[in-house]
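Q: I am new to protein models. Could you show me how to read the features of this one?

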Amino acid sequence: MSIKRIIFYILAVIVCFLLQTSVFEFLSLADVVPNILLILTVTMGFIRGKKTGIVIGFFCGLLIDIFSGSVMGQYALLYLFFGYANGWFHARFYEDDILLPIGLLAGNSLIYSFVMFFFFFVLRGRFHFISYLIHIMIPEAVYTGIVALILYKILLAIDLRISDGEKRRMF
């Protein structure tokens, strides 16, 4: 792995964290914000494979744990699982295909919201699933999918540019 790729991963995690916690807080629609770190984790797992998805997911989740979580490691573990699971789709990765990654991102957003509902509401005795589904889960999945259209193309373009540079250096 090249230094450029490592720097790109570090900068991508930091920039996406800052976008999620600052910029998109002001751009909330229906009181939901897109999960930018989930987009980064799923996209990198999808484009680069399981190992990259695990590493990116762990550090994205760790940032969330450090700055907002009450229990250290729960988000890191959750995002790690998302990176690993989406790394399985790396074998089906085609640069021109946009439907699979966007479908994966919307589905992952729904799964993420369901896990959050289970751990933060059901375990505390709050069982208003239909309300949570209508007001939080579906709008967040749609908003994340829309933002993912743009962010996926940007991340893919940067990754392809780094890969081209690595290929040229090999010869």
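A: Let's begin with the helices around the largest pocket: α1 (3–26), α3 (50–67), α4 (74–87), α5 (99–120) and α6 (129–170) each supply at least two residues of its lining. Helices here are DSSP runs (H or I, at least four residues), numbered from the N terminus. This is a predicted model, where local features need pLDDT of at least 70 and side-chain atom pairs count only at pLDDT 80 or more, while totals for chains, interfaces and linings use all residues. Residues are numbered from 1 along each chain as its sequence is written, and side-chain values use heavy atoms, with hydrogens and water left out.

Q: What volume does the largest pocket have, and which residues lie nearest its centre?
A: The general idea comes first: rolling a probe the size of a water molecule over the atoms shows where empty space is left. On a 1 Å grid over the protein atoms alone, with a 1.4 Å probe, a pocket is an open set of points with protein on both sides within 12 Å along at least five of seven lines, and lining residues have an atom within 4 Å of a point. A volume is the space filled by probe spheres set on the points, which are joined across faces, edges and corners. In this model the largest pocket has a volume of about 480 Å³. Its lining holds 24 residues, and Q20, V33, N35, Y75 and Y112 lie nearest the centre. Helix α5 gives the most to this lining, with 5 residues.

Q: Which helix gives the most to the lining of the second largest pocket?
A: That is α3, with 8 residues. The second largest pocket has a volume of about 300 Å³ and is lined by 16 residues, with Y9, I10, V55, I56 and F59 nearest its centre. By class, this lining divides into 12 nonpolar, 1 polar and 3 charged residues.

Q: How many salt bridges does a search of the whole structure find?
A: A salt bridge is a side-chain nitrogen of Lys or Arg within 4 Å of a carboxyl oxygen of Asp or Glu. The search finds 2 of them. One joins D159 and R5 at 2.5 Å, N to O. This pair links distant parts of the chain, with D159 in helix α6 and R5 in helix α1, 154 residues apart. The other joins R48 and D159 at 3.9 Å, N to O. R48 lies in helix α2 (residues 36–48) and D159 in helix α6, so this pair ties together parts that are 111 residues apart in sequence.

Q: Are R5 and D159 buried or exposed?
A: Buried means under 20% relative accessible area, exposed over 50%, and partly exposed in between (1.4 Å probe, protein chains only). R5 is buried at 1%, and D159 is buried at 2%. R48, at 31%, counts as partly exposed.

Technical notes:
Ala, Val, Leu, Ile, Met, Phe, Trp, Tyr, Cys and Pro count as nonpolar, Asp, Glu, Lys and Arg as charged, and the others, Gly among them, as polar.
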